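Subject: Structure handover

Hello,

Here is the structure we spoke about. Please look it over first; my notes on what was found in it follow below.

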Amino acid sequence: MKITVNGAEHELASPPLTSLLNALRDELNVTGPKVGCQGGNCGTCTVLVDGEPRRSCLLPLAMVDGAEVTTIEGLGTPKRMHPMQAAFHFYYGSQCGFCAPGMITASVALLERNPNPTRKQIQNALGGHICRCTGYVKIIDAVEAVARGESFDGAELTRSRGGEATPKGASA
Amino acid sequence: MARHKGRGLATIEYPTGMNQSGDLTQSWIKLKHDGRVDVLSGTVDIGNGSKTAHRQIVAAALGVPVDWVTVDVSDTDASPWDTGTFASRCTFIGGNAVKIAAERVRERVLEIAGKMLEIDPADLTIEEGVVFARGAPETNISVSDVAHAATWQLGGELISGTGTFVKPFAKILDQETGRIDRDPHAALSYGASVAEIEVDDETGEVRVERFIEAYDIGYAINPTIVEGQIQGGTVMGLGLALLEASYPYYPSPEHRGADFASYMAPSMVDLPQIDFLCLENPSVEGPFGAKACGEMANNGQGPSVAAAIHDAVGVWVTELPLTPERVLRALEKKAAGEDAPRVDGKWVIFDEELSINAVGAPDADVKFTFDPF
Ligand code: FES
Ligand code: FES
């Protein structure tokens, strides 16, 4: 079986009924997609298969033979982030980060389909992704910011009290 | 069939950290020869933002820019002791520990700088990584130069400091009255939650349209993180109020949710409007006056939604989660005239003695007989 992951082609040794998630993580060491529930319920294993968001825990390799797979690693790196990654960072759309690989890939796919979603449409599109930490508000804010075309190039990627980096009472 | 709107209020008080259990955090800070700061702390950041907050606290207490500070929590085997990430203790207890350590480092930097500049260290201060004489900023030396000199010219000293924060046990002074020798808690945070809901009296379904949350958090070291804690806590509280029952037939483990399809956590689709405000009423002992803002943010929503249900349809549902089944059963009872609506809620007697023993006071003499009434 052959798949292309983040631009690199791989010949896989895992048996055809292995889930794409396990093949990515265990055989190819691509650990961005997380193992949440392995039952299609949480969304953190989401990757783009030929541009479409898919739960990799539910996809046997046999069904993705020849496909082009993009994981969170393929979107950008800490130095050169995808605008959606930068927006999640800037808007504090991730706390523990466990949901982020799925949230971000699914959000990128959403804006591909619908560049100007309403808040309700974002909620529906990401409704199958569970986040235990953020309460979702800042995730929605981040997706809206990218849709608005906000740019984070060279932006100071931390927001703090009134632009100050340190709390008051800083010098004793 | 009709939908009824209701509004309910709940207030909470939250003691920061686990003060009665000898709950301590240690930290160690070293100033490298280039003036950059390494913080080793046992406080693990699980997404609560303590790493960022600790960075800010150290930068502020030491007087250097935030980006000079690295917080390393990667290995709890090698790090100093920390009791754990729970009970809203990280910024408060862990934050105090790193602050104390940073103050020691600052003191040592001032001593060395004092010698180098031939000025009494008491007349020096540090801001933005520069040590300077108060009132005479032209007499100055950078923290990097001090650290460099300590390492390469003044005998190879590694400037470092340790800090421990612990709230000691309260001891009973008088068995008769139960008077104790210190406050049992280091800081109390306060909060309130208002729920605006709609109840469907045919299906028993409750939908929260809006939460209004208010919290006294002492001082927001990082307001964005505080916002995240409040929004996240509110949605978790929404789950506890309406959806989540880890043991539906407690204590029997039967019918426990085995996956996210049967144990329902709130999703983005359930998201109500969340409005909140923070009050900053500084605590005496917290770092820069901070209190806690983690766990308490998910404590108010259960009772506020229950109160809103009473406001909407006149029944008290006194068990969480407030499922359609429970709401319908309460409505049925009310229709049959069986159960007069309870206006006083449910009293829970808090057993202080049991509670103190349960958190493991090592000293058998510690008995807490204080009667609040
Ligand atoms: S791990 Fe695939 S949906 Fe949860
Ligand atoms: S950030 Fe922790 S699950 Fe979303």
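In chain A, P83, M84, A87 and F88 (A:P83, A:M84, A:A87 and A:F88) of helix α3(A) are in contact with A:I139, A:A142, A:V143 and A:V146 of helix α6(A), contact meaning heavy atoms within 4.5 Å. The residues of this contact are eight nonpolar, no polar and no charged. Here Ala, Val, Leu, Ile, Met, Phe, Trp, Tyr, Cys and Pro count as nonpolar, Asp, Glu, Lys and Arg as charged, and the others, Gly among them, as polar.

Some background on reading this. The model is predicted, so local features need pLDDT of at least 70 and side-chain atom pairs count only at pLDDT 80 or more, while totals for chains, interfaces and linings use all residues. Residues are numbered from 1 along each chain as its sequence is written, chains are lettered from A and ligands numbered from 1 in the order in which they are written, and side-chain values use heavy atoms, with hydrogens and water left out.

Back to the two helices. The axes of α3 (residues 83-90) and α6 (residues 137-147) of chain A come within 9 Å and cross at roughly 135°. Axes are lines fitted to C-alpha atoms, for helices over the stretch in contact, and angles run from 0 to 180 degrees between N-to-C directions.

Chain A as a whole has six helices and five strands, where helices (H or I, at least four residues) and strands (E, at least two) are DSSP runs numbered from the N terminus. Of its 172 residues, 47% are buried, that is, under 20% relative accessible area with a 1.4 Å probe, protein chains only.

Now chain B. Four of its strands form an open sheet of mixed pairing, in the order β4-β3-β2-β8; two strands pair if DSSP finds at least two bridges between them. Strands β4 and β8 (159-166) of chain B are at the edges with a single partner strand each, so one side of each has no neighbour in the sheet. From one strand to the next the twist averages 20°.

Strand β3 (residues 37-41) of chain B pairs with β4(B) in the parallel sense over four bridges. In β4(B), B:T70 is the bridge partner of B:D38, and B:D72 that of B:L40.

Regards

How values were computed. Buried means under 20% relative accessible area, exposed over 50%, partly exposed in between (1.4 Å probe, protein chains only).
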